[in-house]
Each structure stands twice: as C-alpha cells, then as structure tokens.
Amino acid sequence: MELYEFGVGQLAEAFEKGIASPSEALSSVLERIAGLEGEVRAFLLTDEEGARKAAAKADGLWLAARKGGTKPSALTGMPFVLKDNICTKGTRTSCGSRMLENFVPPYDATVAVKLAGSVLLGKSNMDEFAMGSSTENSAFGPTKNPWDTRAVPGGSSGGSAACVSAGFAPFALGSDTGGSIRQPASLCGVVGLKPTYGRVSRYGLVAFGSSLDQIGPFARSVEDAAMVFEAIAGHDPKDSTSSPRPVPDVRKACSKGVKGMRIGLPKEYFANGLDPEVRDLVMKAVLRLKDEGAEIVEVSLPSSMYGLAAYYLAATAEASSNLARFDGIRYGLRDLGAKDVVSAMKRTRSQGFGDEVKRRIMLGTYVLSAGYYEAYYNKALKVRRVLKDEFDEAFAKCDAIAGPTTPEVAFRFGERTEHPLSMYMSDIYTITANLIGIPAISVPCGLSKGLPVGLQLAARAFDEETLFAAAAEVERGSGFAGRIGGGAR
Amino acid sequence: MSWETVIGIEVHVELSTESKVFCGCKTRFGARPNTQVCPVCLGMPGVLPVLNRKAVEYCMKAALALNCEVSGRTKFDRKNYFYPDLPKAYQISQYDMPIGKNGWMDVEVDGKAKRIGIRRVHLEEETGKLVHAGDDITSAESSMIDFNRCGIPLIEIVSEADMRSADEARAYLVKLRSILLAIGVSDCKMEEGSMRCEANVSIRPEGSTEFGALTEMKNIASFKAVYKAIEFESKRQAKVLESGGRVRRETRHWDDLKSETVFMRSKEQAHDYRYFPEPDLVPLEIDRAWTDRVKDTIPELPDQRKARYVADYGLGQRESSLISDDMDLSTYFEKGIEAGAEAKALANWMTGELAAALNASGTEISSSKAGPAEMAELLGMVAKNEISGKTAKEVFAEVFAKGGSPRKMVEAMGLGQISGEEELRKAAVAVIDANPGPSADYIAGKENAIMFLVGQLMKATKGRANPKMANQLLKQELDGRKKNL
Ligand SMILES: [Zn+2]
C-alpha cells in the first residue's frame with residue numbers, strides 16, 4: 001500500500017509510530033499528483049515548495065514527540081487541499097473566477113489558521129464563486145471525475161472531492177451552500193460533511209449565500225472526516241454566527257453503532273426523478289442499518305418540493321449583495337479602458353464574471369428589488385420557517401434522516417450546461433439542510449454503472465454525533481472506506 | 001396666499017468610540033490616509049463584521065436621551081448601492097428595527113415651547129472619503145479614496161415633520177447637539193463632518209392638514225446653512241406654486257456660496273437600496289437590564305439644566321432655555337459662575353451684549369476672546385462700583401476684539417471709576433464754580449437744576465464718576481453754600 005492511499009487516521013498513526021514521515025507522505029502524494037493531475041485537473045494552484053517546507057517542519061515535530069517531546073495534534077504534517085474560495089495569506093485565492101485571478105489575500109481564513117500545522121498542497125478547482133454543481137462553471141476549465149473522466153466530479157467543490165478521490169490528498173476542505181460538499185462527495189465516492197450552520201467559522205470563506213454557507217471536510221472514510229471536523233470546528237470570535245457550543249467527540253461516535261437509533265425515511269425523497277439503481281443501493285444500506293439494530297420509520301417532509309425555489313431566492317439574493325464588492329476599485333480585475341468610474345465598474349463586472357454568476361446576480365438583484373421583496377425574499381424566509389417546523393416534527397419521530405444524496409450518479413460533461421434548471425435539480429436533496437442549518441453527510445454506499453452512489457444522512461442541529469455514528473455504520477456495511485477513484489490509476 | 005413650511009430633519013452623527021463599529025481599527029480624525037484600515041473595513045472577500053457593543057451603547061444612550069423606546073429585539077440590514085467609497089457595495093445599517101424609536105424633544109422658540117417627535121435613532125457604518133483631483137467624481141482627472149473613516153460608527157436621528165419654521169429647525173439642531181455633547185457620544189463637529197444634516201422641506205396653505213411634496217436637501221454644512229436653506233427652499237416652493245406650477249419630490253443640493261438649492265435628482269432616479277437582513281450578524285437582543293445600565297450613565301440633560309438655572313440662580317425661563325439648550329452657552333455660563341460672576345448679570349450679558357457681538361462678528365462662543373473668566377472679572381468690577389455700566393460696555397468691546405484682562409485694560413485706559421470722595425469732591429467744586437447759573441438756581445430751590453450739574457460732572461470725569469456719588473457730593477456742596485449765605 002502506497003502512502004498516498006493512507007487515510008487521515010492511518011497517516012497520523014504512521015507519523016506517530018515513525019513508520020512514515022510527513023515528507024515521505026508528501027513525496028508520495030506529489031508523485032500521485034504528477035501522474036494524474038494532467039487528466040483530472042483538480043488544482044487551480046499547487047505549492048510544492050511551501051508544502052515541502054511545511055512537511056519538513058512537521059517531520060521535526062513528530063520526531064521530537066517520539067523522543068519524548070509533546071505530541072503534536074493529529075493532523076500535523078498531513079497533506080491537504082483547500083477549495084479556492086478559502087482565503088490563504090500570501091497564496092492566490094481565485095474562487096474559480098477571472099475576477100480574482102490575481103487576488104492574493106493578506107489574511108488567512110480561520111480554518112486555514114486551524115490547519116496551520118498541516119501541509120497545504122494547493123487550492124482546488126470549483127465552480128466560479130461556488131455557483132454550480134459540476135465545476136463546469138470554473139473560469140479555468142472543469143475538473144474530471146477520477147472514476148470516469150468523461151463524467152463531472154460534481155460541484156461546486158468538485159476539485160476538493162476529486163483530490164481526495166484520486167488519492168492526491170487524504171483530506172480536503174470544501175464549502176457547502178446548497179450541497180456543494182455532499183453532491184461532489186457523492187459523485188466522486190468519498191465522504192463529505194456539511195456541519196451545522198455556525199459550527200465552523202466562515203471567516204475567510206468568500207461568501208456566496210452567507211446564511212447558508214458552511215465549510216466542511218472531504219475524506220475517504222467517515223472517521224477521517226470526523227478527525228478533520230474536530231480540528232476545524234468551534235467558536236470563532238471573528239464570526240458572529242459561529243456557535244459557542246462545545247464540539248462533540250465525533251471520532252468516538254464512529255464506533256458507537258446504531259442500536260436503538262431511529263432512522264427516518266422521508267417518503268418524498270423516494271418519489272419521482274430518483275434513479276432506480278440509486279434508490280436500490282440507498283435502500284439496501286438502510287436495511288443494513290436495520291440489521292444493526294436501528295429502527296426505520298417513515299417521515300414526511302411535504303414542503304421539501306418548495307425548498308429548491310426558496311433556496312434559489314435566498315441564495316441568489318445574498319449572492320447579489322455579497323458579490324457586489326467585486327467592482328475593480330480596490331483589488332482583483334480592473335478594466336483599464338473605462339473613462340469614468342461607473343463604466344469602469346460595469347466593464348470590470350461584465351468581463352470578470354461568468355454567465356452563471358451573472359445569471360444569479362441578476363436573479364438575486366431582482367428578488368430584492370422594491371416591490372418584489374415580499375413576494376420573493378420574504379416568501380423564501382417563510383418557506384425556511386415551514387421547513388424547519390416540518391423537520392422538527394420529523395425529528396420528534398427519528399434521530400437521523402436518510403436518503404439519496406443526489407437523484408443520479410455523475411453525469412457527463414455538457415449534459416446539463418444548456419439547461420440551468422436541470423443542473424439545479426441535482427441539489428434537490430441537499431439544499432434543505434442548508435436552508436434550515438442542520439448537519440448532513442454524504443457517505444458512499446455502492447456503485448451504479450461503475451460510478452459511486454452517495455447516501456445522505458441529516459441530523460438535528462449540532463447533533464453531529466448521531467450523524468457520524470450512523471454514517472460510520474453505513475460505511476461498515478458498504479465496505480467503501482478508503483477506496484480511490486476507479487478510473488484514475 | 002399664506003404658506004406654512006413643514007420641516008423634518010435627518011441628522012448623522014459619528015460616534016466617538018475608540019474603535020470602529022465592525023472591526024478593531026482606530027477612529028482618530030486626521031490620520032494619514034488609509035492607515036486606520038484592515039481587511040474587514042476594506043470589505044475584502046470573505047471577511048466578517050463583529051459588532052462593537054460600545055457603539056450599540058452609545059446609540060442606546062442617544063436614543064434614551066431623546067426619550068425613545070429602546071427596543072428589545074433589533075437587527076441590522078444591508079443597504080445596497082455601488083459607490084467607490086463603499087467597499088462592500090453595501091452599508092450595514094438598520095432598516096425596520098432601529099435601536100430607538102418614537103422619542104421626542106422640547107424646544108423653545110420666541111418663548112414658546114414646542115415638542116418635536118423623534119421618529120427613529122439607528123446605528124450604521126460610515127463610508128470612506130473620496131478626494132478628487134478636480135471638482136467632482138465625473139470631471140476629476142483622478143480620485144483617491146481614504147478608508148480611515150470607513151466603518152466609524154454612525155447614528156442617524158430622524159425627526160418627525162414637526163417643525164414649522166427655520167427658527168424651529170435651528171432650535172432643534174442646537175438642542176440636539178447640546179444633548180449629544182452632554183452624553184458624550186460624539187464631538188458633533190460639523191466642520192469635520194462628524195455631524196451632518198439633511199432637511200426635508202414642503203409647504204402647504206396655512207390651515208391645511210395635507211402635506212405638500214417635499215424636497216430633500218443635502219450638503220448642509222452648518223446650522224446657519226440649515227436656516228438659510230430652509231428659508232430659501234420654502235420661498236422657492238411658494239414661488240413655484242404661486243406661478244401655477246407643481247413642486248416635485250426631489251433631492252436638491254444646497255450651494256452655500258450662492259445661497260440657493262439646486263436640483264440633484266428626482267424621486268424616479270432615487271436608488272433602490274434592496275434592503276435585507278444582514279446575514280453575517282445575529283439579531284441583537286437589548287434587555288431591560290442593559291437599557292437600565294445605559295440609562296444610569298446619562299448625565300444632566302439640557303431640560304434638567306434649565307430647571308437648575310431657574311431654581312439655583314433665579315434666571316428667567318427664557319434666558320434659562322436659551323443658555324441650557326446650547327451646550328456651548330451652558331459651558332460658558334457655568335465657567336463664568338465658577339470664576340465668580342453673578343449669575344443673573346452674566347446671563348443678561350450673554351443674551352444681550354455678548355450675543356450681539358458674536359452675531360455681528362460671526363464668532364462661535366467657544367472661541368470668543370471675551371471668555372467666561374474675562375467676563376467674570378468685568379462683571380465683578382461693575383458689581384463693586386469700580387467701573388460704570390457704560391465703561392463696562394466699552395471695555396467689553398475692547399476685550400472682545402483684542403482679548404486680555406478687563407482689569408488691566410481699565411487701568412491702562414485710566415477708566416477706573418472715581419470713587420475716592422476727595423478726588424470727586426474737588427471735581428464737583430470745580431463744576432459748581434464753572435456753572436454759577438445752575439448752581440444759583442439749585443440754591444434758590446430749583447432742585448431739578450442738580451441734573452444738569454451731575455451731567456457736567458460726568459462729562460468732566462469722562463464718565464468715570466459714580467453717578468449716585470456725584471449727585472450726593474454736588475448736593476452736599478451746594479447745601480453747604482446755601483447755609484453759608
Ligand atoms: Zn478595520
């Protein structure tokens with residue numbers, strides 16, 4: 001087994017015991033990247049030199065620990081990748097956009113600070129400003145699915161998902177506004193977690209939909225994801241929306257099992273539009289949970305059908321405001337041909353943004369405009385409240401809700417770009433967790449036509465413990481843990 | 001036709017907190033451009049605001065001092081518009097849940113009390129400042145932006161349309177400033193832009209209860225300008241209506257040099273700010289205990305000060321209001337008392353001679369060369385009969401123009417009142433000797449003739465004689481001569 005195949009837990013153990021050093025692990029993943037990145041194109045930027053320095057430093061720390069010094073945190077020296085909308089001091093953060101093609105932040109995102117002892121390999125590709133479900137909206141070209149390079153990796157955090165799936169890194173971080181971690185995790189056959197809103201600091205994450213965005217991990221096993229989650233979660237005084245609640249020991253929860261746990265199946269999630277093979281694989285995984293002692297109950301989430309509409313009103317409204325700052329005045333792209341400030345702003349924004357971003361800015365501007373606020377934005381807020389009530393009701397009957405992460409396995413490039421709505425549909429099961437702020441995770445549960453299928457679990461707000469306990473059980477049943485993308489070898 | 005002017009006023013005040021409202025940057029005025037900035041106040045991608053509780057407390061304090069309800073649950077909203085001095089392209093403000101609402105303030109104009117409603121007091125952030133290499137943003141060769149000011153906490157105080165004259169508007173602003181200075185939330189310097197106001201003006205036929213179309217006036221940089229702008233605008237609107245025209249709802253720019261308002265933009269051109277709740281901040285709960293704690297920090301306000309002036313110093317209602325409503329006058333008055341001035345005399349001078357001199361020279365009382373200490377010295381000399389009232393006015397004029405100690409000035413000019421009996425008696429004898437006719441008349445029983453002689457004596461002493469003593473001495477001398485006859 002090569003070091004690049006090691007998961008987070010395995011590598012940490014190897015570092016601790018001196019079986020391998022961070023520099024050796026780094027060499028292995030760099031070799032893997034050198035061999036396959038030309039095909040996968042998961043990175044927008046790699047920083048080999050920076051990574052080697054960080055790894056050498058970590059080598060010393062682990063060595064010192066073995067000689068009786070203090071033991072460093074588990075992720076010390078661990079190679080990882082950040083989605084390119086997470087700010088890194090001194091390292092370009094482009095958000096997959098021409099607008100920020102040359103933007104180098106003078107500050108680190110809080111998650112980057114928390115992972116300062118780990119080895120940052122680079123920044124991963126994404127749909128421009130996290131708007132999309134396939135990475136086809138990246139201004140710098142799409143990323144390929146390591147399982148089948150003709151298929152999309154999902155999005156918007158497609159680069160991070162592909163990195164972990166292809167064996168480029170044992171973990172990566174992404175951001176999830178409507179499914180942008182879970183959907184690519186599902187399509188690339190890795191674990192992806194969207195934590196409870198407020199669990200992980202958003203400071204330094206370039207905002208898309210501020211009330212929906214959360215940063216979360218990708219890993220090749222549930223326990224690996226748990227380790228990363230514990231490292232990045234917790235209150236941050238720089239983010240007023242981050243929660244002061246203590247972070248639970250979710251790694252321990254992974255071995256808890258599901259005995260006595262009530263798993264809810266929303267009947268609406270298994271209706272029209274769901275691929276029969278995906279449905280069967282998800283149901284098989286659910287039945288295995290039952291075999292392990294879980295109680296399966298049917299729940300109803302009748303307003304889920306309004307979730308997608310509410311999402312596209314709320315997210316685009318916030319995005320139209322969040323992206324207004326990209327005007328070419330202080331940083332990023334600036335059109336130099338303009339004669340006055342108004343046309344400079346207009347020309348900069350016309351050139352800097354891609355079509356999907358423009359579409360959403362216009363939609364969001366319309367949603368917030370005088371006379372439409374009540375009909376759109378406010379209605380979306382009402383839907384969010386109704387959805388929350390329905391979930392509260394469901395969570396009175398169950399501890400976790402299970403279903404497919406996406407209606408279908410990874411689709412082919414170009415298949416949905418002509419029809420934005422069909423692209424939006426791939427988020428149908430994931431967006432509600434963002435709308436009401438609850439945690440949700442996607443775990444691989446099998447292959448359909450040679451491509452991975454993800455099962456999604458959601459739990460009550462701040463109950464990541466239940467989520468990890470159930471997800472680990474699904475993983476034990478599917479035997480998928482640690483698998484590297486099938487087509488990429 | 002006779003018109004009534006209806007005025008509402010919006011005031012923006014920069015709060016004097018140590019740090020900015022959503023980041024830790026300093027708020028010092030006059031620092032080198034862009035030295036008090038950070039990623040948060042520069043609106044860099046991915047950064048988040050963190051609310052400064054001190055700024056909330058200052059806003060609460062202002063709201064409470066203006067008798068507002070300070071709401072339990074409040075929140076912040078984004079006001080979206082593009083402008084180079086607004087780095088996020090939205091301003092964090094408060095839309096429908098201001099920290100304070102439904103307050104009031106009493107003012108007094110021409111001895112008549114008037115209550116003016118305060119619609120709301122809310123907290124928001126200041127923008128950056130543009131410096132143009134040219135006249136304005138469209139014609140300038142280039143423009144520079146200083147973000148030091150960006151993110152300084154700002155409160156907006158919106159009055160009801162309760163004012164009916166430029167005088168009332170000025171009285172409102174003077175007292176508002178006085179209250180804000182008393183509670184110490186702002187330095188309220190209009191010349192540095194830490195206090196700015198906009199007036200909404202409309203007119204309607206006297207007796208009408210409907211409101212006319214209002215115009216919003218921007219760029220008003222002094223209380224005097226507010227007065228002039230309102231006067232100008234109400235006359236302009238009357239002219240439009242009287243010539244059969246229609247007043248349009250629009251924003252106008254006050255040109256202080258030309259003393260006129262000019263069209264800026266119509267209602268149709270107004271921004272659609274697309275307000276929505278700020279998702280980066282959680283709703284703010286202001287509980288009773290917090291409100292009470294803030295309330296306890298509010299010191300004496302103008303109305304209480306007025307009551308104290310009436311009770312402790314026996315000032316009249318009118319003088320008390322005039323002084324207590326204006327922070328600078330109050331400060332002057334109290335410093336004068338501290339320096340030993342008699343309160344009533346000081347108040348008389350402040351509302352009389354001093355007010356006239358300030359007005360005529362366009363000086364602020366805070367920079368008057370005849371300060372409270374000088375005034376106290378002057379009034380002390382009058383009280384001790386060292387100088388006459390007339391001399392005091394002359395000395396005051398000198399001190400007001402050139403500064404310096406009134407006592408030294410009196411000595412230098414030889415203006416001290418002749419109170420020494422011997423000196424004055426000599427002069428009286430000389431006057432009697434020089435005016436045998438009137439003297440004889442008095443001796444003959446024409447008592448009124450003494451008035452002429454007193455006048456002559458005052459003239460001879462260049463007004464330095466105490467008139468009462470002059471009268472007395474002349475009578476003594478003449479009565480003595482009468483006996484000797
Ligand atoms: Zn700052």
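In this structure, 38 residues of chain A are in contact with 32 residues of chain B, where contact means heavy atoms within 4.5 Å. The model is predicted: local features need pLDDT of at least 70, side-chain atom pairs count only at pLDDT 80 or more, and totals for chains, interfaces and linings use all residues. Residues are numbered from 1 along each chain as its sequence is written, chains are lettered from A in the order in which they are written, and side-chain values use heavy atoms, without hydrogens and water.

The area buried between the two chains is about 2700 Å², and carbon and sulfur atoms give 63% of it. Buried area is the accessible area (1.4 Å probe) that two parts lose on being put together, summed over both.

There is one salt bridge between chain A and chain B, a term for a side-chain nitrogen of Lys or Arg within 4 Å of a carboxyl oxygen of Asp or Glu. The side chains of A:Arg202 and B:Asp280 form a salt bridge at 3.0 Å, N to O.

The largest share, five residues, comes from α10(A).

Within chain B, B:Glu319, B:Leu322 and B:Ile323 of α6(B) meet residues of α8(B), including B:Ala347 and B:Met350.

Note on methods: Helices (H or I, at least four residues) and strands (E, at least two) are DSSP runs, numbered from the N terminus.
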